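Here is a short report on helix packing and chain contacts. Please read it beside the sequence and the coordinates.

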Amino acid sequence: MDLHDIALTVGNSGLGEWMRTNVRAMPIVEALHVIAAATVFGTVLVVDLRLLGLPDLKRTVTRVSGEMLHFTWAAFGLAVITGVMMFAANANTYYGNTAFRIKLLALAAAGANMALFHFGAFRTVAQWDSKQVSPRAAKVAAALSILLWVGVIFVARWIGFTKGYDFAVPDNIDLDLTIP
Amino acid sequence: MEHFAQWLQATPLSILIQSTSWLIPLLQSIHIVMIGVVFVAVLLLVLRVLGVARTDEPESVVWARFAPWIKRSVSVLALTGLVLIISEPVREFTAVSFWLKMLLLALGIASIAALGSALRRDAAASRPLAVFTLLLWLAVIFLGRAIAYDVEVWGALSFKA
């Protein structure tokens with residue numbers, strides 16, 4: 001079973017069918033996805049700005065990050081659930097969509113950057129927790145994090161303008177409805 | 001309003017924006033990034049009023065920390081939103097979600113200002129008002145996405161139905 005088979009299984013599942021047959025499902029799920037993505041980006045931004053030494057300098061890095069991370073993870077969970085629901089509605093077209101693939105890569109890069117920071121620079125946080133200036137490695141991770149998450153949002157929005165196909169499709173034709 | 005929308009959609013400025021293929025996705029992306037900034041700033045102000053987050057800081061400090069971010073991001077949202085309206089006025093002005101969004105947006109801004117007038121003086125801000133503010137902003141984001149689905153969301157109530 002390769003990735004394409006998994007995509008087709010998700011698309012043909014009851015969830016996919018439910019997403020396609022309920023007219024209000026897509027707008028509601030998309031709106032929740034925007035709210036989740038906005039919360040992930042905003043909360044990550046608060047931590048990244050602290051690491052870059054912009055605001056919140058009177059509070060320790062761990063205080064700021066500890067407070068924000070609950071919200072980041074909860075919102076990320078909601079984004080994954082709503083993302084899978086949107087994917088299930090049109091799994092086959094998303095599977096072959098370049099913008100969608102780039103988005104997943106950007107997401108993976110943002111996750112890898114976060115992991116590298118967590119298991120790298122963050123291990124010595126006790127030494128610089130209350131300092132206004134973070135080590136260079138932490139600043140680089142924070143700057144990369146902002147760029148990658150903004151990138152994720154940009155490519156994600158781009159998916160909606162590709163109509164799922166990599167060739168030009170006239171605006172008045174919705175190929176999604178003609179291919180099962 | 002219908003005539004105005006059609007006139008606006010036919011202006012050279014509107015046509016220029018419509019025909020620049022990358023401009024609308026770019027503006028929408030900037031709009032979403034700024035929604036992240038304003039929403040989390042509002043969320044943290046509300047959580048401070050409810051005593052959930054940033055309780056180590058006085059209300060006035062939390063207000064001073066986030067109010068400038070709210071003002072700047074709302075300005076960028078208004079600007080990108082305005083260009084998006086100019087590019088597709090018929091789509092916006094015929095959507096129930098658009099008008100409802102504008103109404104709740106005005107209430108949402110007034111509601112932050114009301115919270116701010118208490119927070120700035122370190123006076124206890126109203127908790128129900130804080131919860132109401134958060135709900136207003138959630139509704140504004142929801143309605144923004146719903147503009148593209150007016151008939152699906154509003155059914156017979158939609159002007160497009």
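The crossing of α3(A) and α8(A) is left-handed. A crossing gets that label if the near helix is turned anticlockwise from the far one by less than a right angle, and is right-handed if clockwise. The model is predicted: local features need pLDDT of at least 70, side-chain atom pairs count only at pLDDT 80 or more, and totals for chains, interfaces and linings use all residues. Residues are numbered from 1 along each chain as its sequence is written, chains are lettered from A and ligands numbered from 1 in the order in which they are written, and side-chain values use heavy atoms, with hydrogens and water left out.

**Chain A**

Chain A has nine helices and zero strands. Both kinds of element are DSSP runs numbered from the N terminus: helices are H or I with at least four residues, strands E with at least two. The C-alpha trace of chain A spans about 60 × 35 × 30 Å along its principal axes.

In α3(A), the residues that meet α8(A) are Val40(A), Phe41(A), Val44(A), Leu45(A), Asp48(A), Leu49(A) and Leu51(A). Their partners in α8(A) include Ala142(A), Ile146(A), Trp149(A) and Ile153(A). Contact means heavy atoms within 4.5 Å. The residues of this α3(A)–α8(A) contact divide into twelve nonpolar, one polar and two charged. In this grouping, Ala, Val, Leu, Ile, Met, Phe, Trp, Tyr, Cys and Pro count as nonpolar, Asp, Glu, Lys and Arg as charged, and the others, Gly among them, as polar.

**Helix pairs**

Two packed helices are described by the angle between their axes and the distance between the axes. Axes are lines fitted to C-alpha atoms, for helices over the stretch in contact, and angles run from 0 to 180 degrees between N-to-C directions.

| Helix pair | Axis angle | Axis distance |
|---|---|---|
| α3(A) and α8(A) | about 160° | 9 Å |
| α4(B) and α6(B) | roughly 160° | within 11 Å |
| α8(A) and α3(B) | roughly 135° | within 9 Å |

Angles under 35 degrees count as roughly parallel, over 145 as roughly antiparallel, 65 to 115 as roughly perpendicular and the rest as oblique. α3(A) and α8(A) are therefore roughly antiparallel. So are α4(B) and α6(B). α4(B) passes α6(B) in a left-handed crossing. The α4(B) side of that contact includes Trp63(B), Ile70(B) and Val74(B), and the α6(B) side includes Phe98(B), Ile109(B) and Ile112(B).

**Between the chains**

How do α8(A) and α3(B) lie, and which way do they cross? They are oblique to each other, and their crossing is right-handed. α8(A) contributes Val150(A), Ile153(A), Phe154(A) and Arg157(A) to the contact. Among the α3(B) residues are Pro25(B), Leu26(B) and Ile30(B). The contact residues divide into eight nonpolar, two polar and one charged. Val150(A) and Ile153(A) also meet α3(A).

Over the interface, 29 residues of chain A are in contact with 31 residues of chain B. The buried area is about 2,800 Å², of which carbon and sulfur atoms give 74%. Buried area is the accessible area (1.4 Å probe) that two parts lose on being put together, summed over both.

A salt bridge is a side-chain nitrogen of Lys or Arg within 4 Å of a carboxyl oxygen of Asp or Glu. Arg145(B) and Glu30(A) form one at 3.0 Å, N to O. That pair runs from α7 of chain B to α3 of chain A. Asp56(B) forms another with Arg63(A), the closest N and O atoms being 3.6 Å apart.
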